[in-house]
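Here are a few exercises to work through with the model open beside you. Try each one before reading its solution.

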Amino acid sequence: MSAEAVEKRSFGIAAAEEQSAALIEQDVACGLENIPYTPDHVAGPGADIDPTQITFPGCACVKTPCLPGTCSCLRHENNYDDNLCLRDIGLEAKYAKPVFECNVLCPCGEHCRNRVVQNGLQFHLQVFQTDKKGWGLQTLESIPKGRFVCEYAGEILGFSEVQRRIHLQTTHDPNYIIAVREHIYNGQVMETFVDPTYIGNIGRFLNHSCEPNLLMIPVRIDSMVPKLALFAAKDILQGEELSYDYSGRFLNQISSNDKERIDHGRLRKPCYCGAPSCSTSLPYDSSLYCPLEKPHTS
């Protein structure tokens, strides 16, 4: 190894150590947020499918780009435009259309336009302390409408485990568990339960807003277990806090009866989003708070 190569390697190690030290100094949680980090879902108790398994076949697009009609991953139309923005997003969209990206078995390559969510974070985000909502997540640069921002990743759970964990929560514990229900056909509903409480990613710091700037879309890549991808629902300015609607409804149209709903005799947690249309309380999924099923005894 030449002297020049040794010098470059030494410089690289020193730079990496300085960067690591800087990251430690920037730990806004001061070591208190000590949970394992995962950029992807992991299988938790009761999960029917291991989210790390690859069960989807790859497309056959070798010499031609992935296009609707020829690519098996694109059934009807392109998922993203030339600027990597999700198509049909925002107020004009009546419902979220299914999104399937090319996967690791596809020969199309990493530059395929149908690979967005799997490429991970593309914007600089920052965890910060809010006034009333605990930790929050903000962007350090502007984000155009339709661009992928981050995932909401954690443990994939079975329903009985979801119930068990929720019943162990106190009134002071934050609830990170999210239930995603997708209506397929003939009244069938596919449910996915994600909990980043013990193992999760940066998405766990996202707060609720009654007028959110993010929209959650289930995106499938390797299997039927969806990645809960959050896209910019509008142009987001540098320094804005990032938020999504915990209820899963983009417009968050809550009726007057829903506002009065209580959670097992306790008033619902207050919402501090500050939006003009704030419903004053956080949404919650009442189906997850039903009594625990008693085991059958002979």
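**Exercise 1.** Work out where L84 is found and whether it is buried, partly exposed or exposed.

*Solution.* Start with the location: L84 is found in the loop between β1 and β2 (strands are DSSP E runs of at least two residues, helices H or I runs of at least four, numbered from the N terminus). Next, the backbone: L84 has a positive phi of about 65° although it is not a glycine. Most residues other than glycine have a negative phi. Last, the cover: L84 counts as partly exposed because its relative accessible area is 32% (buried is under 20%, exposed over 50%, partly exposed in between, with a 1.4 Å probe and protein chains only).

A word on ground rules: this is a predicted model, in which local features need pLDDT of at least 70 and side-chain atom pairs count only at pLDDT 80 or more, while totals for chains, interfaces and linings use all residues. Residues are numbered from 1 along each chain as its sequence is written, and side-chain values use heavy atoms, with hydrogens and water left out.

**Exercise 2.** Do likewise for T280: find its segment and its exposure.

*Solution.* T280 sits in the segment after β14 (266-267). Its phi is near 75°, again a positive value in a residue other than glycine. With 54% relative accessibility, T280 counts as exposed.

**Exercise 3.** Sort the residues of β7 by face, then find its partner strand.

*Solution.* Take the faces of β7 (residues 178-183): I178, V180 and E182 are covered, whereas A179, R181 and H183 are uncovered. Now the pairing: β7 and β8 (residues 189-195) run antiparallel, joined by six bridges (strands pair if DSSP finds at least two bridges between them). Opposite I178 stands V194 in β8. Finish at the turn: the hairpin has five residues between its strands, and N186 takes a positive phi near 50° there.

**Exercise 4.** Which residues touch the most other members of the largest nonpolar core?

*Solution.* That core has 25 residues, and the answer is Y152 and L242 (a core is a set of buried Ala, Val, Leu, Ile, Met, Phe, Trp, Tyr and Cys residues joined through side-chain atoms within 4.5 Å). Elements giving two or more residues include β3 (125-129), β7 and β11 (227-232). β11 gives the most, with three. Now follow Y152: leaving aside neighbours within four places in sequence, its contacts include I178, V194, L228 and L230 (contact means heavy atoms within 4.5 Å).
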